[in-house]
Each structure stands twice: as C-alpha cells, then as structure tokens.
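Dear colleague,

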Amino acid sequence: MRETRLSADQLVLPLFVRNGRKLRHPISSMPGVFQLSPDELLKEATKAFKAGVPAVLLFGIPDKKDEKASGAYAKNGIVQQAVRLLKRELPALLIVTDVCLCEYMSHGHCGVVHHGDHGVCIENDASVKLLARASVSHAEAGADLIAPSDMMDGRVRAIREALDGAGFTNMPIMSYAAKFASAFYGPFREAAESTPKFGDRRSYQMDPANAEEALREVALDLQEGADIVMVKPALAYLDIVRRVKAEFGCPTAAYAVSGDYSMIKAAAAKGWLDEKAATLESLLAMRRAGADILITYSAVEVAGWLREG
Ligand code: PBG
C-alpha cells in the first residue's frame, strides 16, 4: 500500500575535489564530508557506484581564485581533470558538474562583480558568458549532465546555445531553477570555500517568501531549454517541489543541502535524533512532494540502509 518509494537509483552524491594527492580534508560543519584530491575522489566515487548510487555531482575548489573565475573554464581546471579521470575509470557512473563562478572568484560571488559609483553590483550578462564557457569545458572533459547553480538571468539559454554550438546537442541541462537565498547553505560554503567576501546573494537568489516567483523561474528555465529542474534547498521548500511537479510535470530534482545534512548529523551526534530514520524520512518526504531525483550528501549511507531493508 506504500504510495512512495525510495531507491538508490534516485540518488546523486555531491563531491568536492581539489588539487593534491591522498588528500581528505574534513569539513568541520559537515561530518563525513571531505574535500578530496582526485585519487581520493575516485575512491569515493567507486564506493558510491558500488553501493548503487548512479550519479555524482562535482564541485571544484581551485588553487587560485581571481576576478574572472578563470579556474571555472580552464581546460585543465580541477573539475575538468576530475571528470576526465572518473570517465576513464568509471565509465558507467553519471557525472553531473555544478556550473557556478563562486568557488573560482576571489570575492566569492556567483557572478562578475562591478564596482561602480553606486556600490557593487553583479554583471548578469558578463557572468552568463563565463558560465557558458565553463559548461562547454565540462562537456569537453566528458561530463554527462550540466547543472548551472548561479541563478543569473538567461543562463540556461546561453548554456544551451553554447553547448549546441560546440557540438554537444545531446548534452542535458539540470538547472538549479528555484534556488533560494538560504541560511541552509552555510556549511557548504565552508566546504567549497565560497563565502562571499562582501554583501550576500540576495540579488540573484530568491527570497524565501516567494513561491509564485519560483514557478516563474522554473517556467523560464524550461523555456530556455532546461531538461531537469531543481528546487533548493529541499526540506524547507517541499511546497515548491510539489507545485513545480504538479505544474510542469517535468523531471524534478530536490537538493538536500548542506544545512539539511548538518542538522541531522549534529542532532544525531548528540543522541537527539535517530540519524538513519530521520534521513530516510526526510528523503521520503521529498519523494512524496514530487521529486524524482534526490541530491544528498548521505547518498552512500542511504543506499546501504535501503539494501539492508
Ligand atoms: C554554488 C552553490 C551553492 C550550493 C550549491 N551550489 C551555495 C551557494 O549558493 O551559496 C549549496 C549546496 C549546499 O548547501 O549543500 N552557487
């Protein structure tokens, strides 16, 4: 009589990669999550794949950051290297790449920053050009699915056109379509070293108070060519997941973000919550709301728990 089911093939595991060898740098606010050098990334991805997790989502931490996010679209950038390695060693693993500029910008914003007479602003169109370049370079490295997370206007269309122009007409796009300016990204910013040095992301990420706007954002991304749309964060925004699925019926992803993960981990460490039960229940709730794809830092444990039954 169960209406909704969880299974390992719905899961995507986010992984953080940085230069080095035998490096597993722990993220203090995300117990069990590490910044990994490529060799360790391969081990982690192999473990996930063997556990039945079909896909990973890659985030890169470059050695050097600048004001043009050069590392985001460098042929030998850290994500590009990681994609080539994983494709060679684990060809059946689906590789999703997060496309954003914040990890690669010295100021930590998701776009190009302009310092004008009236203060600082994000230059939407200049940012979109760089995002399109990054997407093509991920495709050239062998990525299977491009996931722009920046929330600039018009970026899905620009990425679609750039991919098509470079011959990647079959490359799908999963857009972070309804991405809210959320406090639940806090631990991630430690992991990705992408905390903005000034200001915040509220000029490009959405106000948590807005649901109608989320639907407009999703409609636009679909018109521009997104194949899968994502709602983020997941847990506090299940109404948005529900409405997106009901309204558009398209493949929908829910991102159980770093804060969702850390809350359960911290409470479990204190013995205040049952980690397995709370994790499975919250992912099941995302499925019930309408999510087809679940992006979660717990993917490997979850796959194990599901196997145990
Ligand atoms: C980059 C990006 C963020 C997350 C995914 N891609 C952080 C942000 O927008 O600040 C958050 C993921 C998480 O919290 O787990 N733009």
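The accessible surface of the chain comes to about 13300 Å², and carbon and sulfur atoms account for 53% of it (areas from the Shrake-Rupley method with a 1.4 Å probe; for residues, only the protein chains shown count as cover). Please keep in mind that this is a predicted model, in which local features need pLDDT of at least 70 and side-chain atom pairs count only at pLDDT 80 or more, while totals for chains, interfaces and linings use all residues. Residues are numbered from 1 along each chain as its sequence is written, and side-chain values use heavy atoms, with hydrogens and water left out.

The chain has 11 helices and 12 strands (DSSP runs, H or I of at least four residues for helices and E of at least two for strands, numbered from the N terminus). Its radius of gyration, taken over C-alpha atoms, is 18 Å, close to the 19 Å that the globule rule (2.2 Å times the number of residues to the power 0.38) gives for 309 residues, so the chain is as compact as a globular protein of that length. Of the 309 residues, 57% are buried, meaning under 20% relative accessible area with a 1.4 Å probe, protein chains only.

Helix α7 covers residues 212-224, and its buried residues are A214, L215, E217, V218, D221 and E224. These buried residues pack against α5 (155-165), β9 (174-179), β10 (228-232) and α8 (238-248), where a contact means heavy atoms within 4.5 Å. Just after α7, G225 takes a positive phi of about 120 degrees.

Definitions and conventions: Buried means under 20% relative accessible area, exposed over 50%, partly exposed in between (1.4 Å probe, protein chains only). The expected span of a helix is 1.5 Å times one less than its number of residues.
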